[in-house]
Amino acid sequence: MSRRGWTVAGITGGLVGAAGAAAGVGVAAQRRKIASARRSLATEMAEHGGAPSPGRIGEESSVMADDGIRLACEEVAPADGSEPAATVVLVHGFALDRRTWQEQRAFLAGMTDPSVRMVLYDQRSHGRSERAPQDSCTIDQLGRDLDAVIRAMVPEGPLVLVSHSMGGMTVMALAEQHPELFHDRVAAVALVSTSAGEMAASGLPGTFLSRRNPVIRALGGLAAWQPGLVETGRRALGDIIWAITKRFAYGDRQVDPRMVDLVDTMIDSNAVGALTDFVDTLGTHDRLAALPGLCCAEVLVLAGDGDRIIPYRHSEVIADAIPTARLVRLPGVGHMPMLEQPEKVDAELGALIERSLERTRGGRFRRRRPEHGPDRRPDADGTPDRPRRRAGVLRGAGRGKRKGRA
């Protein structure tokens with residue numbers, strides 16, 4: 001056996017040994033307790049019609065990324081049939097998919113004066129999008145993917161980019177690659193529970209997803225060497241993983257278990273190997289220098305101070321780099337504020353869209369200047385809006401069963 005093989009085998013043996021020891025001190029009892037609670041939840045959900053509504057259903061399609069990877073997309077028109085004033089593109093985070101925005105779909109579709117159109121998509125190797133080679137699982141490539149979605153789905157008109165976690169990093173990469181887009185067309189950006197820089201290098205608190213986290217590194221090696229073993233272990237530990245998801249995704253210990261199920265289901269639909277492919281790029285992400293390019297847009301930076309995945313301090317750093325940004329702190333809220341406190345997030349997104357479109361009336365953007373205070377208002381000079389070229393869209397190609405694990 002190769003040296004790498006022995007290393008991974010040693011990790012496997014250590015994990016198995018640790019699991020056995022843990023079982024001896026009560027893990028089995030804890031699993032029974034969680035399993036019982038989940039069975040009760042399943043019964044309750046069945047009695048009340050199942051999981052929460054996914055919101056307004058849209059038209060599914062596919063967009064081809066620049067390297068040929070198929071990205072599953074969806075567009076949702078305004079509920080009242082009116083002409084939208086802007087298109088909101090929603091970009092989800094690591095290990096999730098476009099169901100992240102379940103609680104925002106109905107709110108955004110129901111907006112009037114202004115009404116908006118929504119475009120949602122699954123990042124590569126996530127959700128219904130195609131599994132991508134490991135060397136293409138980078139934040140740079142995610143930025144190019146977002147550019148491909150915009151060119152195909154929103155070739156002209158004002159844009160609002162709403163992003164979460166790794167989705168926020170994706171938006172920052174796009175700003176670095178195409179600053180002219182933010183100068184000409186992006187009216188607003190929402191950066192929810194995200195980070196602009198590599199944790200250890202910036203002197204900020206470390207994160208669960210740091211490339212220096214030995215558990216994540218070991219899991220990535222094991223998933224590459226024995227993916228079947230990892231997936232079998234994940235299924236066997238399903239109830240424990242559900243409890244971990246609840247702890248790390250949410251700050252509220254009394255959060256609706258349906259919301260825990262939603263995040264758990266999204267994570268479980270992605271292969272472990274597909275997720276660990278992104279660990280290095282998350283660890284080396286550093287786009288603080290790209291943030292001033294967002295100053296032409298209205299910017300909302302929102303996060304919970306109970307976030308155990310990306311500490312709140314990272315949002316403060318982003319806001320410091322964008323003097324015109326509105327920084328919103330949600331006390332006690334975890335990494336999924338759009339699901340944990342959807343009403344507050346909806347209200348902030350609605351206000352962000354209204355502020356941004358005040359500056360784009362007449363087809364022209366008006367630049368902003370920094371002001372002090374929680375509500376910073378724009379001033380009045382600007383540049384014209386220039387539509388971008390349209391790329392190909394494959395209508396209906398995103399339908400069908402969710403892809404299997406690798």
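Predicted model: local features only at pLDDT ≥ 70, side-chain atom pairs only at ≥ 80, totals over all residues.
The largest nonpolar core holds 50 residues, and Val-89, Leu-161 and Phe-182 touch the most other members. Helix 3 supplies the largest share of this core, eight residues. Beyond its neighbours within four places in sequence, Leu-161 is in contact with several residues, including Val-89, Ile-150, Phe-182 and Ala-190. A second, separate core of 39 residues includes Leu-108, Val-162, Ile-353 and Leu-357.

Across the whole structure, 19 salt bridges are found. One of them joins the side chains of Glu-75 and Arg-117, with an N to O distance of 2.8 Å. Glu-75 belongs to strand 2 and Arg-117 to strand 4, 42 residues apart. Both residues of this pair, Glu-75 and Arg-117, are buried. In another salt bridge, the side chains of Arg-131 and Asp-277 meet at 3.6 Å. Arg-131 lies in the loop between strand 4 and helix 3 and Asp-277 in the loop between helix 11 and helix 12, so this pair ties together parts 146 residues apart in sequence. Arg-131 is partly exposed, at 29% relative accessibility, whereas Asp-277 is buried, at 12%. A salt bridge also forms between Arg-326 and Glu-348, whose closest N and O atoms are 3.0 Å apart. Arg-326 is in strand 8 and Glu-348 in helix 15.

Ser-129 is located in the loop between strand 4 and helix 3. Ser-129 counts as buried because its relative accessibility is 0%. Its side chain reaches the backbone nitrogen of Ala-72 at 2.8 Å, and a polar atom of the Ser-129 side chain lies 2.6 Å from the backbone oxygen of Asp-122.

Terms used
Residues numbered from 1 in each chain as written. Heavy atoms only, no water. Helix = DSSP H or I, 4+ residues; strand = E, 2+ residues; numbered from the N terminus. Buried < 20%, exposed > 50% of the residue type's maximum accessible area, 1.4 Å probe, protein only. Polar contact = N/O pair within 3.5 Å; in protein donor to acceptor, adjacent residues only side chain to side chain. Core = buried A, V, L, I, M, F, W, Y, C linked by side-chain atoms within 4.5 Å. Contact = heavy atoms within 4.5 Å. Salt bridge = Lys/Arg side-chain N within 4 Å of Asp/Glu carboxyl O.
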